[in-house]
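Visitor: I am new to this structure and would like to learn how to read it. Could you show me the picture and take me through it?

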Amino acid sequence: MNKKKSILENNVLYTVISIIAGFIIGAIFLLIAGISPAVAYGKLLSSVFSRPKYLVWTLIYASPLIFTGLSVAFSFRTGVFNIGAEGQFVVGGLAACVLGIVLDLPVGIHAIVCLLGAAAAGAIWSLIVGLLKVKRGIHEVLSFIMFNWIAFYLSNYVVNLSAIHRESSEATKDVADSARILFPESIRGMLDCSAANWGIVLAVLAAIIVWVIIEKTTLGYQLKAVGFNNNGALYAGINADGSVLTALGISGALSGLGGAVQVLGMAGRLSQFASQEGYGFEGITVALVGSSNPIGCIFSGIFYGAMKYGGSKLSIVKAPSEVVDIIMGCVILFIAISQVFRILLQNFAKKKEGK
């Protein structure tokens with residue numbers, strides 16, 4: 001009975017149920033559109049698993065999502081809703097791009113400087129909101145939403161500065177080769193993927209470090225204590241305002257690193273935005289699917305990366321790529337109401353046990 005109870009209380013079970021439900025609803029919409037779900041989902045799977053190159057591309061797509069997912073998950077665990085991961089991602093990518101263009105540094109050092117600059121930019125962007133919260137009592141959600149748009153227009157302004165703008169285009173110059181985080185050419189050739197990079201390695205390392213901070217350090221205990229009960233933490237002598245700033249700083253740095261990985265790994269340049277990039281908002285999905293667990297964010301980020309990459313190939317079978325958004329939206333909806341599933345399954349188990 002105890003084993004069954006632990007299974008029914010496990011978040012992984014309800015995440016799997018939510019994913020299955022999302023695919024079922026996606027299939028219904030495909031049928032309504034006159035498209036065979038078997039054909040569409042078959043293409044989705046084959047676009048990810050049929051060749052090793054596709055798996056590599058999935059990891060490339062997943063890397064920035066894992067970073068933004070970690071950012072949101074870390075803030076969730078510490079009682080702050082970081083809906084500003086999008087803006088932090090943008091300024092992080094912007095900082096990495098500018099440093100990658102204007103600086104002339106040796107290979108290795110250049111990339112590290114760009115990554116550190118991106119982390120600092122994301123942290124500072126987030127800390128400004130933190131200061132508004134702890135000093136002026138301004139709710140972080142409102143500030144983050146505004147700062148997302150400020151980052152959007154700031155990036156478009158900087159992209160068009162003559163020092164870094166590429167003529168006759170809507171993008172910057174390419175960052176220096178010394179700033180790229182690509183795998184060695186021999187490995188990229190072996191993987192048959194020109195954009196294969198160290199992003200996934202950095203993302204996994206970041207997830208492990210965040211898990212250690214949250215679960216194994218005094219700092220993590222303090223941050224979680226503030227998240228669970230602000231007044232109780234104050235009574236225990238914990239500096240609640242300082243903890244909020246620390247949490248937002250770390251969270252912003254993670255999103256900034258996600259932007260750097262996207263620019264230095266895959267894109268190689270920064271383009272003028274026509275709309276929000278979306279990586280920060282997708283990070284909320286990654287965090288929720290991963291149950292706000294840093295290790296869970298690795299797997300949920302890879303899952304979302306697979307959905308994004310595989311979904312981009314659905315047009316081949318004349319299926320709308322938006323079906324991926326429908327599936328992921330439904331997954332989040334069902335995760336949000338997972339408590340209903342939990343109660344139903346537990347009641348069913350009790351009735352069965354009573355019989």
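**Reading the model step by step**

Guide: Let us start with Ser292, which sits in the loop between H13 and helix H14 (294–311). Helices here are DSSP runs of H or I with at least four residues, strands are runs of E with at least two, and both are numbered from the N terminus. The model is predicted, so local features need pLDDT of at least 70 and side-chain atom pairs pLDDT 80 or more, while totals for chains, interfaces and linings use all residues. Residues are numbered from 1 along each chain as its sequence is written, and side-chain values use heavy atoms, with hydrogens and water left out.

Visitor: Does Ser292 count as buried or exposed?

Guide: The general idea is relative accessible area: under 20% is buried, over 50% is exposed, and partly exposed lies in between (1.4 Å probe, protein chains only). Ser292 counts as buried because its relative accessibility is 13%. Its backbone is worth a look too: Ser292 has a positive phi of about 60° although it is not a glycine.

Visitor: What is the phi of Asp192?

Guide: Asp192 also has a positive phi, of about 60°, and is not a glycine. You will find Asp192 in the loop between H8 and H9. With a relative accessibility of 43%, Asp192 is partly exposed.

Visitor: What is a salt bridge, and how many are there by this rule?

Guide: Side chains of opposite charge can pair when their charged atoms come close. The rule asks for a side-chain nitrogen of Lys or Arg within 4 Å of a carboxyl oxygen of Asp or Glu. The count by this rule is 8 salt bridges.

Visitor: Which residue forms a salt bridge with Arg51?

Guide: Asp192 does, with the closest N and O atoms 3.5 Å apart. This pair joins distant parts of the chain, 141 residues apart: Asp192 is in the loop between helix H8 (185–191) and H9, and Arg51 is in the loop between helix H3 (37–49) and helix H4 (52–77). Asp192 also meets Lys53 in a salt bridge, at 4.0 Å from N to O. Here, too, distant parts are linked, since Lys53 belongs to helix H4 and is 139 residues from Asp192. Together, Arg51, Lys53 and Asp192 are linked in a network of salt bridges. Arg51 is partly exposed because its relative accessible area is 37%, and Lys53 is partly exposed because its value is 22%.

Visitor: Which residue pairs with Arg269 in a salt bridge?

Guide: Look at Asp174, whose closest N and O atoms with Arg269 are 2.8 Å apart. Asp174 is partly exposed at 40%, and Arg269 is partly exposed at 33%.

Visitor: How much space lies in the largest pocket?

Guide: Rolling a probe the size of a water molecule over the atoms shows where empty space is left. A pocket is an open set of points on a 1 Å grid over the protein atoms alone, where a 1.4 Å probe fits, with protein on both sides within 12 Å along at least five of seven lines; lining residues have an atom within 4 Å of a point. Points join across faces, edges and corners, and the volume is the space filled by probe spheres set on them. In this model the largest pocket holds about 290 Å³. Among its 14 lining residues, Phe67, Ala206, Ile209, Leu254 and Leu257 are the closest to its centre. Helix H6 (109–136), helix H9 (199–216) and helix H12 (240–267) each give two or more residues to the lining. H9 supplies the largest share, 6 residues.
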